[in-house]
Amino acid sequence: MRYSILTLATQALQKQQRWPQIIAPEKLKPHYDIIIVGAGGHGLATAYYLSHNHDINDVLVIDSSWIGGGNTARNTTIVRSDYLLPASFALKNFALQLWDSLSQALNFNLMYSPRGYLDLAHSDGELEHFMLRANAMCLGGASASILTNSQIAEKIPALNLDQQSRFPIRGALFQAEGGVVRHDAVAWGFARKSSEKGVHIQQNCAVNKLLTSNGRISGVSTHRGKISANSVLVAAAGGSERLMANAGVPLPMEPINVQAFVTEPIKPVLDHVVNYNAGLSYLSQSDKGELVMGGATDGYLSTARRGSFARLEDTMMRAAQIFPFISNLRLMRHWSGTADIPMDGNAIVGRTEIENLFVNCGWGYAGFKATPAVGWKLAELIADGKLPEMLKPFALSRFTDGALIDDAGIGPYPWLH
Ligand SMILES: Cc1cc2nc3c(=O)[nH]c(=O)nc-3n(C[C@H](O)[C@H](O)[C@H](O)COP(=O)(O)OP(=O)(O)OC[C@H]3O[C@@H](n4cnc5c(N)ncnc54)[C@H](O)[C@@H]3O)c2cc1C
């Protein structure tokens, strides 16, 4: 069924509405051409582009929980491409171009809202670094500008620009195309279109083990039995490390809790996405009026997906420094996800040493924005066997070659990235 205002009106006028199921319930087959482990944004995007760009539909996407139930529908929905290093910038900027027309392509409203992203600088040194980043972005074909405090005040009148505050604001890096995309719609949009083309999507079925034979992948073992495949892609975020290690491919990454928070709804007060950089607190206002906020990692290894008062207090304290009125608001919801963070803070994407076993994980708490671009490029790699230029820097081999992609310049401390 094509979603449109006409379909909505027709369904509304019918006595008994007949919306078809978004994904077709299919029986698991004993063999697929390609199995994708993980029905998050990245796994589903790859399935979608395999079917739509390459006409490869004999694909199973399999997940231990529900569609988008991992980090994809737990994130703060921010998309942007304000990265200094060319590898990071290229993928995220390609993604921004795809986000622009993806709702039409998927016939599913992803609510992409390019409302502008402001990264606040709190020292002259930081502002200088932002200028470097803005120049690199412009050279790469993106739009970026540096805002003075009076320009910031015009965009966000409620922001506290008091120069006597603890970490005064000295300016900002602004990307107009940055914004938010409705995260669960992304997962469901990709799932629906892939399913239409014959891709099977199996929820509530964990993969326990990757099966290999004679140095190549042969399938997966699940609690419902074995399923064979010609190729397997592991896109299981925090679940990837254990699966890959059991298959003899250890991944240099750590699972770390990251939290998000939502206040009660209020009148429109914040038209943009804003990032407070002294510590970390990033905010946007949802269509319902809630303020959506995220903070830094919890700082210790955990797969618990639980909140903690320390991070809650820290994130709120920082948010209240830039928007003092926040201290009067009630917090409505609070959740977390397991960020899968490699040693250099950047994702691991591409082939592995096992023939036809591919991996896409390690996106930590910054990988939602790259979802369509990585899906597109990975589908190209799996279908044509040729490694796209954009994916080359993200190879697992960079941890032995030394060509790390350390955007933050922090070093091998995943929790700090
Ligand atoms: C609180 C928070 C805020 C964030 N904010 C942002 C943001 O604003 N912008 C941004 O760009 N990024 C953000 N991120 C990061 C972003 O959400 C992730 O990088 C991205 O969603 C990763 O997508 P994915 O498909 O790789 O993983 P996931 O969505 O986690 O999908 C992986 C799937 O694999 C499944 N799985 C795991 N193990 C197995 C197994 N053994 N068998 C079968 N299935 C398995 C899981 O159930 C899960 O559904 C945030 C993350 C968090 C936690």
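Reader: Let's start with pairing. In which sense do strand E9 and strand E10 pair, and over how many bridges?

Author: One thing first: this is a predicted model. Now the general idea: strands of a sheet pair through backbone hydrogen bonds, either parallel or antiparallel. Here, E9 (residues 207–213) and E10 (residues 216–222) pair in the antiparallel sense, with six bridges.

Reader: Now the open sheet. How many strands form it, and in what order?

Author: Eight strands, ordered E5-E6-E4-E13-E14-E15-E12-E16, with mixed pairing. At the edges are strand E5 (145–147) and strand E16 (331–342), each of which pairs on one side only. Neighbouring strands in this sheet are turned by 25 degrees against each other on average, ignoring direction.

Reader: How do strand E4 and strand E13 run, parallel or antiparallel?

Author: Parallel: E4 (residues 117–121) and E13 (residues 273–276) are joined by three bridges. Leu-118 is the residue opposite Val-274 in E13. While you're looking at strands, keep a general rule in mind: in a regular strand the side chains alternate between the two faces of the sheet.

Reader: Which strands does helix H8 lie across?

Author: H8 (residues 309–322) lies across strand E12 (253–263), E13, strand E14 (281–285), strand E15 (291–301) and E16. Its direction is at about 140 degrees to E15.

Reader: Helix against helix next. At what angle do the axes of helix H3 and helix H9 cross?

Author: Roughly 100 degrees, and the axes of H3 (residues 86–106) and H9 (residues 371–384) come within 7 Å. Angles from 65 to 115 count as roughly perpendicular, so H3 and H9 are roughly perpendicular to each other. From H3 the contact uses Leu-91, Phe-94, Ala-95, Leu-98, Trp-99 and Leu-102, and from H9 it uses Thr-371, Pro-372, Ala-373, Val-374 and Trp-376. By class, that makes ten nonpolar residues, one polar and no charged ones.

Reader: What domains does the assignment give?

Author: Domain 1 (28–76 + 183–252 + 344–416) and domain 2 (113–179 + 255–341), according to the domain assignment. Their C-alpha centres lie 29 Å apart. The contact takes 15 residues from domain 1 and 17 residues from domain 2. On the domain 1 side, the residues that touch domain 2 split into six nonpolar, eight polar and one charged.

Reader: Why does the ligand lie between domain 1 and domain 2?

Author: Because both domains give residues to the shell around the ligand. Of the 41 residues around the ligand, the nearest are Gly-40, Gly-70, Gly-239, Gly-337 and Gly-367. The elements giving two or more residues to that shell are helix H2 (41–54), E12 and E16.

Reader: How do the residues of that shell divide by class?

Author: Into 17 nonpolar, 21 polar and three charged.

Terms used. Residues numbered from 1 in each chain as written. Predicted model: local features only at pLDDT ≥ 70, side-chain atom pairs only at ≥ 80, totals over all residues. Pairing = 2+ DSSP bridges. Helix = DSSP H or I, 4+ residues; strand = E, 2+ residues; numbered from the N terminus. Axes fitted to C-alpha atoms, helices over the stretch in contact; angles between N-to-C directions. Contact = placed C-beta atoms within 7 Å. Near = placed C-beta within 6 Å. Nonpolar A, V, L, I, M, F, W, Y, C, P; charged D, E, K, R; others polar. Domains from an automatic or database assignment. Parallel < 35°, antiparallel > 145°, perpendicular 65-115°, else oblique.
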